[in-house]
Amino acid sequence: MIHVVAGALFDEQGRVLIAQRPPGKHMAGGWEFPGGKLEAGESPLAGLQRELREELGIEVLEAAPLIAYEHGYSDRRVLLDLWLVSRFTGQPRSVEGQPLQWVSIEELETVGLLEADRPMIPALRAARR
Ligand SMILES: Nc1nc2c([nH]c(=O)n2[C@H]2C[C@H](O)[C@@H](COP(=O)(O)OP(=O)(O)OP(=O)(O)O)O2)c(=O)[nH]1
Ligand SMILES: [Mg+2]
């Protein structure tokens, strides 16, 4: 089981930040929440902070677990662990060259979000309020 931590960041308009998975990687081209695999011995919050530092160049100051569940791909099982990031420093930018975009919760339905992430949409809708 691969434990994956990812972050949901909202802007003032209630839009959420998503990133496109790079060519050549698992699920290439799909849109995801920034994050990645937890390292051995790492706490989920520490992993989230490391991943968002590496991918977005931001420093997460405050985050809380939002929703977590297992998903079985044809070749692997992942524990998707999505955190709501409520405080951070820095301006999110694409450090590793992944296309980024801010989308409304409604747009999440049609943007090409990874199929495995779709059950997260209701939790995000509730969190935004
Ligand atoms: N980051 C992220 N990964 C997701 C999401 N949904 C989802 O199914 N995944 C899957 C895709 C991958 O199989 C796995 C994340 O692995 P990854 O390869 O991107 O991890 P990483 O960022 O640590 O990258 P790497 O160092 O292994 O190259 O989780 C999501 O919303 N965000
Ligand atoms: Mg990643």
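The shell around ligand 1 divides into 8 nonpolar, 4 polar and 4 charged residues. Here Ala, Val, Leu, Ile, Met, Phe, Trp, Tyr, Cys and Pro count as nonpolar, Asp, Glu, Lys and Arg as charged, and the others, Gly among them, as polar. The model is predicted: local features need pLDDT of at least 70, side-chain atom pairs count only at pLDDT 80 or more, and totals for chains, interfaces and linings use all residues. Residues are numbered from 1 along each chain as its sequence is written, while chains are lettered from A and ligands numbered from 1 in the order in which they are written.

In total, 16 residues surround ligand 1. A residue is near the ligand if its C-beta atom, placed from the backbone, lies within 6 Å of it. The closest are Glu 32, Phe 33, Gly 35, Gly 36 and Ala 116. Three strands, β1 (2-8), β4 (35-37) and β6 (77-89), each supply at least two shell residues. The largest share, 3 residues, comes from β4.

The protein chain has 3 helices and 7 strands. These are DSSP runs numbered from the N terminus (helices: H or I, at least four residues; strands: E, at least two). From the N terminus on, the order is β-β-β-β-α-β-β-β-α-α.

The C-alpha trace spans about 40 × 35 × 30 Å along its principal axes. Of the 129 residues, 26% count as buried (20 or more other C-beta atoms within 10 Å of the residue's own, with C-beta atoms placed from the backbone). Among contacts (C-beta atoms, placed from the backbone, within 7 Å) between residues at least 6 apart in sequence, 65% join residues at least 24 apart.

Terms used:
Buried ≥ 20, exposed ≤ 12 C-beta atoms within 10 Å, placed from the backbone. Contact = placed C-beta atoms within 7 Å.
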